[in-house]
Amino acid sequence: MSQRPVQIPLPGFEAARARWQDTYNQQMGEEKVRRNRSGVEIRALYTPGDWSGERYLEDLGFPGEAPMTRGIYPSMHRGRTWSQRQLIGLGTPEDYNARLARILDAGGSAVSLIPCNSVYRGFDADEVDALLLGTCGAVVNTVDDMDTCFEGVDVAALSTAMNDPLPFTLLALLLAVAKRRGIPWDKVTGTSNQSDYISHFVANHMFFRIALPGSRRVLVDHIDFASRRLPGWNPLSVVGQHMQQGGATPAEAMGLTLSTAVQYAEDCIARGMDPDTFLPRFTFFFDISISFFEEVAKMRAGRRIWCRLVRERFGAQDPRSWRFKFHGQTSGVDLTRQQPLNNIARVTAQAMAGIFGGLQSLHTDSHDEVLSVPTEDAARIAISTQNILREEAHLVDVIDPLGGSYYVEKLTDDMEEEILSVMKRVDDAGGMYRAVESGMVQSMIGASALAFQEKIESGEQTVVGVNAYRVEEDGSSRGALSRPLPEVMQTQLDRLARYKASREMAAVNAALDALARSAHDDGENVYEKVVDAAVAGATHGEIVARLREEMGFGEPLVQV
Amino acid sequence: MTTPREEPARVLVTKLGLDGHDRGSRVVAAFLRDAGMEVIYTSPWQEIAAVVQLALQEDVDVIGISSLATDHLLVPKLTMALAEAGLGHVRVVVGGIVPDEDESMLLDAGVSRVFHPGSTREEITTKVDELARRARDRRMS
């Protein structure tokens, strides 16, 4: 038998509540106000006095319908669960290919490509200290390297998420491979992860390659290029994860991410693009901390704000434009080096928050990430965690199962208010681009990072094994690490040298010159020239270097 | 011109190599500053020569290198370059994600201390201050 939502005022409700409050106060005495990481007050009990369901249709509605609070698709995880997208990439293109083959054999269809930090910084392998090559990701510099990465794999049958900051050279190399194999570009599907240069300027500095004004232009060119040529590609992933890992509270991270998306949308509109052509392919990426209910509420509130905002502010008509599609990654900052197996429990709680938050794609961290680059064993446990939650714990049987909880609904409302106040501060500062240029956002995040660390130092926030429940450890639970052998990397360097020597240099130089000219001609699309250069044989490092020459080297604004 | 022993410790907090995750270095820099030390902070991915140059110009006692990825592998090159530049008295500490076997390699290369995740403010500020005094004593002698 179904129960009808309780209506307030309910006869006798206030008297009963007061009676409980008295008893509670007697038992608890004077209590310090509790707040979550975002600063929202957390009370002991929530009742129909906090949320009564009277505004159900306006504030929640049904899954797949505005305001999307309960989920962006009618069937959500019951219909199609999230993509299990683990980050992979280490060593050489051959190493990547071998790991990819194992994932595909195990039934995976969504993959990622994590390049080496040298690639992130915009360099080819021969431009950096060889000691660091391939220690954190795959070394991919040329169309041959990309071809090797996907050897024996049908590129058209995969959804590939590439960690590929602008100017998106990895996608350009992938398109060059597709061309080489005769695969039409409209069959290439996936996402340009790490396309959100604002988050790099503010927080994940490693990915910030080209000075701010140039970055602003290249991103819009990329979105425009994808809209015209790559119907299966999501050109933009707006990354709240960097903000939160950098120290922002969950509400700040959500607010700053939404403000960033607003900035990008406005930049596209200023270019004359119709919101309903690009909004359906905006995606988001969030950190999932261990503050369980706060994370669930953060994501539900974000979904609602985005749906309302794109309709009201941009006049988006297409329901696909209203969908707040996001990938979640469990938070590495919450993991501890002490008793590292405890991290499996942390990741489980974080993943549950993400699932209940309604994500479309999930990366669960490996328990050993705080010790080194993840071992394969630990990565397997991380995947198993998702399978267990889905198929043993049955977390996917009901859509938005926490919806209607007095607490979760009130918290969603409260988080929404916090998020909107962050967005208002950004709007008042002239929008996100101006707000990061001035350092306002960096100060906000820096202050929050410090405040959270203070809570750990003071013991106000327990971290098991760190400031409480400490045990003596012998380090035996720590796995061994694998690093590419220097001679393997030498082979890769030799291969790069051979590649560079074997090219038709006239064509490469002509393409790089055309790229340079496009940087100063608003009538040209810079990204089209990036792709042309990759097809002509230019390397990743050559393309980035040329654009840095023309548009300025990206220096993030760093503040303490 | 050298800083008198009783003046606040002078600490350079920076990152070498390719990674740019700097939440840890920012928080630690703020802790050291709030503990009364003079902190010189740079953006990430510094070249070793630039770090040596800055250490010389700023007359630092301690250099704190933050590493999340594998950039700590470059630290032995830094300690060597410091010695060559006549800055052998400067103490080097590393903080961040450092696997056990790399820790012994770093200590062998002359690093004074590796701070792992979970290190407290107290531990870090006390140790850095102590190392700064030791650096000044070494230079005097």
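Author: Two residues are counted as in contact if their C-beta atoms, placed from the backbone, lie within 7 Å. The model is predicted, so local features need pLDDT of at least 70 and side-chain atom pairs pLDDT 80 or more, while totals for chains, interfaces and linings use all residues. Residues are numbered from 1 along each chain as its sequence is written, and chains are lettered from A and ligands numbered from 1 in the order in which they are written.

Reader: Across which strands of chain B does helix α2 lie?

Author: Helices (H or I, at least four residues) and strands (E, at least two) are DSSP runs numbered from the N terminus. Axes are lines fitted to C-alpha atoms, for helices over the stretch in contact, with angles from 0 to 180 degrees between N-to-C directions. In chain B, helix α2 (residues 48-57) lies across β1 (10-14), β2 and β3, and runs at about 160° to β1(B).

Reader: In what order do the strands of the open sheet of chain B stand?

Author: Strands pair if DSSP finds at least two bridges between them. The open sheet of chain B has five strands with parallel pairing, in the order β2-β1-β3-β4-β5. Its edge strands are β2 (38-41) and β5 (113-115) of chain B, each of which pairs on one side only. From one strand to the next, the twist averages 20°. Within this sheet, β3 (residues 62-67) and β4 (residues 91-96) of chain B pair in the parallel sense over six bridges. V62(B) has R91(B) of β4(B) as its bridge partner.

Reader: Which strands of chain A stand at the edges of the sheet, each with a single partner strand?

Author: Chain A has an open sheet of four strands with parallel pairing, in the order β4-β5-β6-β7. The edges are β4 (110-113) and β7 (233-234) of chain A; each has a single partner strand, so one side of each is left without a neighbour in the sheet. Four bridges join β4(A) to β5 (residues 159-163) of chain A in the parallel sense, and L113(A) has M162(A) of β5(A) as its bridge partner.

Reader: At what angle do the axes of helices α13 and α15 of chain A cross?

Author: The axes of α13 (residues 292-312) and α15 (residues 342-356) of chain A come within 8 Å and cross at roughly 25°. That makes α13(A) roughly parallel (under 35 degrees) to α15(A). F292(A), E295(A) and V296(A) of α13(A) make the contact with A349(A), A353(A) and F356(A) of α15(A).

Reader: How many residues does each chain bring to the contact between chain A and chain B?

Author: Chain B gives 28 residues and chain A gives 35 residues. Helix α1 (residues 23-34) of chain B gives the most to the side of chain B that touches chain A, with five residues.

Reader: How far apart are the C-alpha centres of domain 1 and domain 2 of chain A?

Author: Domain bounds come from an automatic or database domain assignment, here domain 1 (56-80 + 248-451) and domain 2 (85-181 + 482-560) of chain A. The two C-alpha centres lie 29 Å apart. The contact takes 11 residues from domain 1 of chain A and nine residues from domain 2 of chain A.

Reader: Which peptide bond has omega near 5°?

Author: Most residues other than glycine have a negative phi, and most peptide bonds are trans. The bond from A66(A) to P67(A) is cis, with omega near 5°, and P67(A) is in the loop between α2 (56-60) and α3 (76-79) of chain A. The bond from L166(A) to P167(A) is also cis, with omega near 15°. D400(A), a residue other than glycine, has a positive phi near 45°.

How values were computed: Angles under 35 degrees count as roughly parallel, over 145 as roughly antiparallel, 65 to 115 as roughly perpendicular and the rest as oblique.
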